[in-house]
Amino acid sequence: MSSIGYFKIENSRSRSGKHAASSTLLIYRRGIGVVRPGRENIIEETEARPTYVKGSAKSIKITLTHGDFAIYGWFVKNYMGRIKGYISIYNHRGELVYRAKYLNGVARRGVGSPVYAWLARIFIETLNIPVSKTHLGDEK
């Protein structure tokens with residue numbers, strides 16, 4: 001078991017309400033599937049400053065066992081309704097193994113081996129993120 005972190009979990013809006021930021025963390029556990037971090041995974045939880053004024057944020061540090069992955073997604077919406085962000089995948093040692101960029105319904109590989117693209121697809125399906133096209137590196 002090793003600890004990784006600090007992941008900023010937030011849900012905030014600007015004063016005008018035209019901009020919004022949201023981030024979430026999921027854990028892929030071998031043999032179980034995708035779960036949200038619970039009390040058995042969270043080591044440390046502190047208050048953090050959100051990106052925008054209205055809303056809240058917290059910073060968490062989690063522990064993972066061998067074979068588990070942390071999937072972290074951060075998204076921001078601008079005043080025109082465009083959404084951009086990224087999905088990062090970390091292994092049990094806390095190393096970034098894959099990152100996918102998201103922009104207006106298109107998810108594409110940014111950094112890392114396409115072997116881990118299936119975890120990004122699981123994240124997208126679990127949270128029902130609207131995707132029209134994907135270029136994650138595992139297409140045939």
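Reply: The model is a predicted one. Let us begin with a strand residue: K77 lies in strand β6, which spans residues 69–77.

Me: Which residues form the positive surface patch?

Reply: A patch joins like charges within 9 Å, on residues with over 30% relative accessible area and no salt bridge. Here R13, R15, K54 and K77 form the positive patch.

Me: What is the relative accessible area of A70?

Reply: A70 is also placed in strand β6. Its relative accessible area is 0%, and A70 is therefore buried. The C-alpha atoms of A70 and I89 are 5.7 Å apart, although 19 residues separate the two in sequence.

Me: Where is Y28 located, and how far in space is Y28 from D68?

Reply: Y28 belongs to strand β2, residues 20–29. With a relative accessible area of 18%, Y28 is buried. Y28 and D68 are 40 residues apart in sequence, and their C-alpha distance is 5.6 Å.

Me: With which side chain does the side chain of H92 make a polar contact?

Reply: A polar contact is a pair of N or O atoms within 3.5 Å. The side chain of H92 makes such a contact with that of H66, at 3.1 Å. H92 sits in the loop between β7 (83–90) and β8 (96–103), and H92 is buried, at 15% relative accessible area.

Note on methods
Residues are numbered from 1 along each chain as its sequence is written. This is a predicted model: local features need pLDDT of at least 70, side-chain atom pairs count only at pLDDT 80 or more; totals for chains, interfaces and linings use all residues. Side-chain values use heavy atoms; hydrogens and water are left out. Patches are made of residues with over 30% relative accessible area and no salt bridge: like charges are joined within 9 Å, nonpolar side chains (Val, Leu, Ile, Met, Phe, Trp, Tyr) within 5 Å. Accessible areas come from the Shrake-Rupley method with a 1.4 Å probe; for residues, only the protein chains shown count as cover. A salt bridge is a side-chain nitrogen of Lys or Arg within 4 Å of a carboxyl oxygen of Asp or Glu. Lys and Arg count as positive and Asp and Glu as negative; His and the chain ends are not counted. The place of a charge is taken as NZ of Lys, CZ of Arg, CG of Asp or CD of Glu. Helices (H or I, at least four residues) and strands (E, at least two) are DSSP runs, numbered from the N terminus. Buried means under 20% relative accessible area, exposed over 50%, partly exposed in between (1.4 Å probe, protein chains only). A polar contact is a pair of N or O atoms within 3.5 Å; within protein, one must be able to donate a hydrogen and the other to accept it, and residues adjacent in sequence count only if both atoms are side-chain atoms.
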